Amino acid sequence: MSPSLNATLNSVCFRTIDKPNPASLETYRSLGGYEVLKRIITEQTPAVEIINELKLSNLRGRGGAGFPTGLKWSFMPKNYEGDKYLLCNSDEGEPGTFKDRDILRYNPHQLIEGMAIGGYVMGAKTGYNYIHGEIWAEYEIFERALDEARAAGLLGDNLFGTNFSFNLYAHHGYGAYICGEETALLESVEGKKGQPRFKPPFPASYGLYGKPTTINNTETFASVPYILQHGGQHFLDLGVANSGGTKLFSVSGHVEKPGNFEVNMGLPFPELLALAGGVWKGRKLKAVIPGGSSVPVVPADVMMATNMDYDSITKAGSMLGAGSVIVMDESTDMVKALDRLSYFYFEESCGQCTPCREGTGWLWRVVRRIADGKGRMEDLDLLTDVSTNISGRTICALGDAAATPVLSFIKHFRPEFEYYIQHGRSMITG
Amino acid sequence: MLSAESIAKIDRELAKYPANQRRSAVMSSLAIVQDEHGWLSKESISDVAAYLGIPDIAVLEVASFYNMYELKPTGKYKLTVCTNISCMLRDAHGIVEHLEHRLGIHCGETTADGKFTLKEGECMGACGSAPLLLVNNKDMREFLTNEKVDEMLEGLK
């Protein structure tokens, strides 16, 4: 039987959030922070034991892809002579996503410990945390936390009197959604335009500066110390089948109390909605984008019957993504909403692959034409055609991400698009 | 010429990367120089390139790729309003309209007195506190209302 909701809210990455000075080293240490790091380094715990614990926990990548973390960590070459790198992806720019910002703000030390543990397990001596350009205050909080950790001997050379060294630095982005794609992020840290690399080779063999590199999301790294402190089985049991542990859900849009909520995987959506104060202004729910702007939109009735875990949301026809829940009430003009999303992908396409560079602009211009009341009925087929011709034909997933909202908005809200085309105005707002 | 202060800050950034990877500090160097001058002139681009030991074009590529760099002069205060989906659902466009009305300019323009530049921005990763804007890339103002915008404008002298 799962514990009551109140007992489990904000229990892993947000466990410092209700304490005084949540971001301080002192607060984190009062919860047993850095003890796992000290233990594994001084006892020389074999890396495979830690990887097995992560596999048991069923921790999956929290940046959106959901790849099993233990497995990812096992891909790093073990007997490689030379530098290896560890990167944290705090470049949250997917519309609807703002969870990692609060980890940096309220619990930066748990992220630092998670990365240092990763450094030990994968034999990386250097790490970088790539922080989204627009969140300067959190960048500074993280820099201060790094200084605190260095001064306390928790980062640096010969940690705890052993021959293990781990140095960690913050790298500040400057406004490019594409750098959340892991190979674009590598290019960006190298001081280049954030244009994704063709894979293979994968970063574990050819990453930062051409060296073996592992990239994980902020929430993923920050979950690791908790898992090793309490055991993989404990974390697994917090969630449901195929979705171990807890998840940060960022709830935005038409709710009374937008914000981040760290809950057990598998929480029914209506309970998450209730945590966010319900749909605002007493209005009715119309639709939800459950995992960030790049996943399919889900109509209200389906969403209200769905639980918040990987398999349930997939069954509902969408994806859990980064847990970025965008709530839309009955007053939402879905054509205008799609217009804004399509503009975003057009603006943020890195320009490298023709189907994405040309296709995202094409999609946006056609959606805009409809929103301007100048659409043609054949535009709906055209949008579908352009979308399906972008998908799968680009180096990275941004092209697919641009196509997905178009396809799902038209699929679920086709009458609204047709009304715009027939009447030159919105069915919703008139 | 890079100022001594900028060089000191750039050197702190350079220390984060391997000695043979000075190019990695290009993003932070540009941000530091932009903070000092308000924008990035051709001369600033060349100065950064020379200091890092990389070609001018490598620096210009970066400066023109990332949204937060300015290649033209802006007002003393650059206001970038996020209008992406979560902010839009909470009437970010109303905030933009209010600012356009108050400042007498459209998005992308600068007031005649050179004080304010108004821009629309892409997702800032803070959707829970929508609507919101950034002052000069660093100072985030959240949960905006027209009244809060008025107060903010009063405070930006």
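Two strands pair if DSSP finds at least two bridges between them. Strands (E, at least two residues) and helices (H or I, at least four) are DSSP runs, numbered from the N terminus. Before you start clicking: this is a predicted model, where local features need pLDDT of at least 70, side-chain atom pairs count only at pLDDT 80 or more, and totals for chains, interfaces and linings use all residues. Residues are numbered from 1 along each chain as its sequence is written, chains are lettered from A and ligands numbered from 1 in the order in which they are written, and side-chain values use heavy atoms, with hydrogens and water left out.

**Stop 1: the five-stranded sheet**

Select β6, β5, β11, β8 and β9 of chain A, and you get an open sheet with the strands in that order and mixed pairing. Its edges are β6 (259-264) and β9 (298-299) of chain A, each pairing on one side only.

Now zoom in on β11 (324-329) of chain A. Strand β8 (285-289) of chain A runs antiparallel to β11(A), and four bridges join the two. Click Ala287(A), and you'll find its bridge partner, Met328(A), in β11(A). With β5(A), β11(A) pairs in the parallel sense, again over four bridges. There, Val251(A) has Val325(A) as its bridge partner in β11(A).

Is β11(A) mostly covered or mostly open? Six of its six residues are buried, so count it as mostly covered; buried means under 20% relative accessible area, exposed over 50%, and partly exposed in between (1.4 Å probe, protein chains only). In a regular strand the side chains alternate between the two faces of the sheet. Here, Ser324(A), Ile326(A) and Met328(A) sit on one side, Val325(A), Val327(A) and Asp329(A) on the other, and all of them are buried.

**Stop 2: the four-stranded sheet**

Select β3, β2, β1 and β4 of chain A: another open sheet, in that order, with parallel pairing. From one strand to the next, the twist averages 20 degrees.

Five bridges link β1 (85-90) of chain A to β4(A), running parallel. Pick Asn89(A) and look across to β4(A), where Asn217(A) stands opposite. Helix α7 (108-122) of chain A lies across β1, β2 (126-131), β3 and β4 of chain A, at about 150 degrees to β1(A). Helix α9 (182-189) of chain A lies across β1, β2, β3 and β4 of chain A too, but at about 110 degrees to β1(A).

**Stop 3: Glu219(A)**

Find Glu219(A) in helix α10 (218-230) of chain A. Glu219(A) is buried, with a relative accessible area of 1%. Show its contacts (heavy atoms within 4.5 Å). Leaving out residues up to four places away in sequence, Glu219(A) touches residues including Arg62(A), Lys99(A), Asp100(A) and Thr246(A).

**Stop 4: over to chain B**

Lys16(B) is in the loop between α1 (4-14) and α2 (26-37) of chain B. Is Lys16(B) buried or exposed? At 7% relative accessibility, it counts as buried. Which chain A side chain makes a polar contact with Lys16(B)? That's Glu143(A), at 2.9 Å; a polar contact is a pair of N or O atoms within 3.5 Å, and within protein one must be able to donate a hydrogen and the other to accept it, while residues adjacent in sequence count only if both atoms are side-chain atoms. Lys16(B) also touches Tyr128(A), Tyr139(A), Tyr169(A) and Ala170(A).

**Stop 5: a bent helix**

Back in chain A, select Ser391(A), in the loop between α17 (378-390) and α18. With a relative accessible area of 25%, Ser391(A) is partly exposed. Beyond its neighbours within four places in sequence, Ser391(A) is in contact with Asp400(A) and Ala403(A).

After α18(A) comes Gly424(A), with a positive phi near 75 degrees.

How values were computed
Axes are lines fitted to C-alpha atoms, for helices over the stretch in contact, and angles run from 0 to 180 degrees between N-to-C directions.
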